[in-house]
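Me: I am new to reading protein models, and I would like to learn how to look at a contact between chains. Could you take me through it step by step?

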Amino acid sequence: MESGLRTYVAKRVGFAALMLVGVSMILFTIMRLAPGGPEAVLIGGEFSQEAAAQIRQRLGLDRPIALQYLGWAAAAVRGDLGRSFKTGDPVGALILDRLGPTLQLTAGALVLALAVAIPLGVLAAVRRGTIWDTLGSAVALFGVSFPSFWLGIMLILMFSEVFHLLPPSGLSEYGHETDVLARLRHAILPTLTLGLIQMASFMRFTRSSLLEVLRQDYVRTARAKGLGGGTVVWRHALRNALIPVVTVVGLSLPTLVGGAVLTETVFAWPGIGRLAVGAVFERDYPVIMGVNLMVSTVVITANLLTDLAYCAIDPRISYR
Amino acid sequence: MTGETRTERPSALRHFARNRRGLLGGVVVAVMIVAGTFAPVLAPHSYSTQSLLNRLKPPSAAHWLGTDGFGRDVLSRVIWGSRVSLEIGLLATALSLVVGTAVGSVAGYFGGAVDTAIMRAADVFLSVPALFLILIVVALFGASLTNTALVIALVTWAPVGRVVRSECLSLSNRDFVHAAAALGAGHARILARHLLVNALPIVIVQASLLLGQTILIESGLSYLGLGAQPPLPSWGNMVVEGRQFLASAWWIATFPGLAIFVTVLGFNLFGDGLRDASDPTLRGRSS
Amino acid sequence: MIHAIALALLAVVLGLTPTLGLAAGKDFVIGLSGDATSLNPVVATDGQSYIAEWPLFDSLVELDQTLNVKPLLAESWEVSRDGLTYTFKLKRGVKWHDGKPFTARDVAFTFYAVLDPKVTTPHRAYFDALAGFPELTAKENPKRPEELAVRPIEVVDDHTVRFRLRYPSGSFLAVLTNPRAGIVPEHLLKGADLNTAEFNRKPVGTGPFKLVEWRRGERLVMEANDQYHAGRPALDRLIMRIIPDSVVLLQELRAGGVDFMENPPLTEVARLKQTPNLKVLVADNTSYTYFGWRQDLAPFTDVRVRRALYHAIDVPSIVREVLQGYAAISTGQFPPSSWAFDPSVKPYAYDPNRAKALLAEAGFKPGPDGVLVKDGKRFSFSVRHDQANQSVKDTAVIIQEYLKRVGVEVQLEPLDWPTFVKKLFASEFEGIVVGWTNHHDPDPFAYTIWHSSQWKGRNFAHYKNARVDEALEAARRTGNTAERKKHYAEFSKLLMEDAPYVFLYFPQQVYVTRAGYEGFVPIPTFAGIYQSLKAVRWTGK
């Protein structure tokens with residue numbers, strides 16, 4: 001058993017590393033093959049071929065693609081993600097800087113979403129067919145049909161322009177600073193925008209997952225045995241129903257660390273999503289590669305750990 | 001003792017018809033498809049004819065939804081916009097379904113090492129933030145309709161694959177499959193004739209939900225400046241163009257935004273209805 | 001449990017981001033639509049960097065509202081009779097932000113850096129008139145300044161610097177103004193690679209403000225320079241917030257989050273003018289937008305076709321309806337505010353019938369689908385433009401419609417900026433809608449865009465006219481403004497006859513600021529208003 005486990009872990013870790021490399025290689029090649037490059041952005045309005053050639057040379061873009069990739073990869077392994085083409089700042093520092101605001105937004109939204117979605121989803125499933133179900137499902141349905149940027153724009157219009165209740169954008173208040181309350185005020189609309197839509201999707205999933213579990217044989221057996229509805233639901237069904245929900249939450253991991261691009265753009269939120277979008281438009285390759293590496297690493301590691309955890313918990317799963 | 005009798009088996013279709021929500025969704029979907037297909041006939045004006053003197057006019061008898069920043073008729077552009085959304089949506093969904101179903105069914109049927117390998121590959125696609133990947137491809141290679149559809153398919157096939165896989169996993173253990181194998185049917189035959197046919201309801205449900213999703217993704221892309229380019233109207237780029245006028249000419253951005261919302265809602269309702277109708281344990285109960 | 005975690009996370013994360021305190025009236029918040037690239041006047045070339053550089057760096061001379069040159073770091077200057085030698089006397093007692101004294105050596109260092117081929121800077125071309133320019137900037141074996149017989153820049157003493165030209169250029173003084181000619185400190189940059197120096201992120205200048213903080217993608221914070229040679233500015237701090245979305249920027253302005261922004265959506269300007277606590281400032285600009293094409297590609301080689309395209313487009317309507325009147329109609333390379341502008345040159349009037357007639361004369365006949373045909377080829381071509389520029393996009397869409405009405409088919413190809421610029425300078429296009437930032441002196445852009453020797457440079461449209469070449473060269477070689485004006489008048493006339501572009505418009509710069517701040521001087525050059533930040537003060541009204 002022990003060696004089986006070890007081999008399995010080794011295989012999985014190896015594969016995970018391979019995936020990381022593969023993804024980064026593909027991304028790298030796509031970017032180099034695409035037309036245009038960072039020169040135009042760096043030079044701006046006073047473009048000249050001569051300056052462009054100089055910049056390409058300075059950034060090492062005239063070397064063969066394979067060499068460029070190896071150079072990047074070798075440095076990345078040592079923890080050096082290079083420097084941004086646009087600003088010259090170390091990529092690692094740039095990402096760390098934006099990580100705080102990103103997590104504030106996405107973690108906040110996730111917590112909000114789960115806190116509302118799970119109880120609502122359970123309610124809708126348990127009281128199936130009643131007004132609770134209809135209302136809850138309707139709200140959730142609306143939520144997943146809304147374009148997120150549209151929701152953000154509408155919220156800003158309502159709460160900022162019309163009612164002057166909340167600030168329209170940004171991370172912190174210019175004027176009332178160390179005020180944690182002001183920070184919270186700034187975070188409300190973006191968190192709501194992101195959270196409401198996530199909430200809707202989680203709720204639908206919780207409901208359908210719980211319904212699925214509730215109609216399984218062992219639940220009916222428990223009911224037939226006379227166990228009260230509450231016990232059945234909470235002890236058996238919910239626990240099992242939540243497993244797929246965890247999977248779905250896991251699917252939102254890339255957004256969690258990669259930033260919610262649309263929401264960040266609407267609210268001028270200085271997170272990783274906007275950093276990535278800007279980098280793509282400006283062909284800032286080191287930043288793109290760095291962000292991607294960070295997100296893939298987090299996601300692949302999380303998946304790896306989850307799989308290993310399942311192995312440890314569930315003796316039925318065999319190591320292949 | 002139970003209300004239902006096992007001998008009576010109303011068809012799925014009839015149950016779908018009794019599902020009010022699904023029907024409503026179906027109506028919306030039908031309207032959108034008709035609008036998109038017959039846009040040249042239905043639209044009262046051309047989507048591109050400008051009239052600089054007629055800009056930013058509020059809804060009136062001549063222009064039911066008003067005019068935009070170039071004096072173009074908003075109603076006509078909303079109708080034509082459904083066509084663009086439909087084109088991208090259908091192409092992306094078809095691709096996504098084909099790839100997802102093929103990959104998922106193979107993984108679910110064969111299980112074992114094949115399954116593991118395929119699922120790992122799918123994991124790769126799921127580990128990159130979707131919008132990020134789309135952005136890279138579209139920003140670098142141009143925002144043509146085909147490019148957009150291709151890259152949306154790239155991002156959405158993996159969840160489809162997962163769903164199909166789990167369905168096929170459970171199906172492949174059923175008696176009829178064992179029977180077919182015992183009778184000497186080859187893998188391809190079993191896959192096609194038995195598994196896929198039974199997985200079809202799931203696939204159709206996914207299709208409906210996917211179509212809604214691609215419309216949302218496309219409008220998001222337009223917001224970032226990619227997606228369909230002028231003068232071709234897509235609901236997404238109409239919202240973007242109209243956004244600067246939100247305070248003074250609200251109709252330009254609001255109606256396309258509403259169109260996105262209603263259409264996606266319709267597809268979701270339709271998909272939900274289909275799912276309820278194809279679920280055997282739900283038959284006998286109307287909602 | 002989840003809630004506890006959430007609160008803990010929030011606390012940690014909130015604690016990570018630093019804060020600002022703000023004093024009304026003493027701090028001035030400017031909204032920028034993008035981040036600066038580098039704060040070094042020698043190498044930075046994008047608009048946001050120019051804006052940020054203005055408060056940090058001084059140039060030798062500065063402009064006034066009529067685009068005349070005024071002393072700044074240079075107290076006075078003398079020009080030799082033959083126009084080849086400029087001797088500047090520098091102000092005394094000027095200090096760098098780090099306290100070290102400013103001397104003539106800094107001036108020499110700055111401009112030798114601009115001339116150094118190892119430094120990547122397109123500004124070099126502006127100093128073409130300096131002696132030894134070809135030798136210093138040669139691609140193969142460039143000379144070093146010590147190796148020249150005649151030194152272009154000479155440090156006479158600590159406060160006197162002399163420039164020597166190889167031909168009498170009337171534009172020399174004009175190019176010594178910001179934003180492209182800020183002076184950088186020798187003691188901090190000597191021996192460093194200016195392209196990548198740490199200095200570019202932590203600049204030290206002699207300007208009215210010093211840089212205190214630069215949080216990338218978020219904000220720049222500058223503090224008043226108490227030692228400023230022209231007197232401490234009235235404002236305490238300048239805070240430049242980066243908000244790329246212009247709609248959000250406007251909302252921030254209304255909500256009080258920023259005090260100043262440029263280029264609001266033009267349809268909002270009327271409303272903004274009526275808002276009691278906001279003020280709208282308008283300044284002319286030298287930049288213009290045009291619709292152009294490859295001059296050496298058929299059918300654009302036929303002058304009748306080019307003039308027809310001009311007649312087909314109703315430029316006054318575009319200016320009135322799309323730009324709300326905040327633009328001047330362009331009749332050529334020079335804006336109406338320039339001394340080189342010749343009001344007698346008139347554009348081709350909007351006349352679709354004349355357009356059709358000219359095209360018929362050129363041999364085009366209407367085809368089965370309404371598009372003109374000649375020799376079996378449809379008159380259809382692609383027009384490329386920057387997909388991120390809203391007004392260029394709008395203009396392109398309008399042009400497409402106007403041309404359709406005379407039977408010419410245009411396919412719009414919006415491209416992202418890096419791809420677009422690459423194709424432009426590689427001459428890979430048929431039609432384009434784009435603009436020139438231009439310069440307040442006529443020479444720098446007129447020569448590099450229209451002279452036939454510049455096909456590898458800004459003349460990517462491949463225009464060639466020997467008489468235009470002559471006029472441009474003649475205008476360049478004389479220091480006499482009246483003579484230059486004559487040559488430029490000839491140049492403008494020839495250009496309009498040839499109709500190589502449809503010259504569209506010179507958009508004005510529109511600024512919105514909080515009422516109560518006074519002292520802005522809208523100078524009609526790119527980002528000119530930022531020069532007056534040192535004089536802006538809060539009157540509280």
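**Where two chains meet**

Reply: The size of an interface is often given as the accessible area lost when the parts come together. Here about 1,900 Å² is buried between chain B and chain C, with 52% of it coming from carbon and sulfur atoms; buried area is the accessible area (1.4 Å probe) that two parts lose on being put together, summed over both. Three residues, Gln50(B), Leu52(B) and Gln244(B), supply 29% of the area that chain B buries against chain C, more than any other three residues. The model is predicted, so local features need pLDDT of at least 70 and side-chain atom pairs count only at pLDDT 80 or more, while totals for chains, interfaces and linings use all residues. Residues are numbered from 1 along each chain as its sequence is written, chains are lettered from A and ligands numbered from 1 in the order in which they are written, and side-chain values use heavy atoms, with hydrogens and water left out.

Me: How many residues does the contact take from chain B and from chain C?

Reply: With contact meaning heavy atoms within 4.5 Å, chain B gives 21 residues and chain C gives 26 residues.

Me: How many salt bridges are counted between chain B and chain C?

Reply: A salt bridge is a side-chain nitrogen of Lys or Arg within 4 Å of a carboxyl oxygen of Asp or Glu, and the count between chain B and chain C is zero.

Me: Is Tyr290(C) buried or exposed?

Reply: Buried means under 20% relative accessible area, exposed over 50%, and partly exposed in between (1.4 Å probe, protein chains only). Tyr290(C) counts as buried because its relative accessibility is 1%. Leaving aside neighbours within four places in sequence, Tyr290(C) is in contact with residues including Trp436(C), Phe460(C) and Tyr501(C). Between Tyr290(C) and Tyr488(C), the separation is 198 residues in sequence and 19 Å in space, C-alpha to C-alpha.
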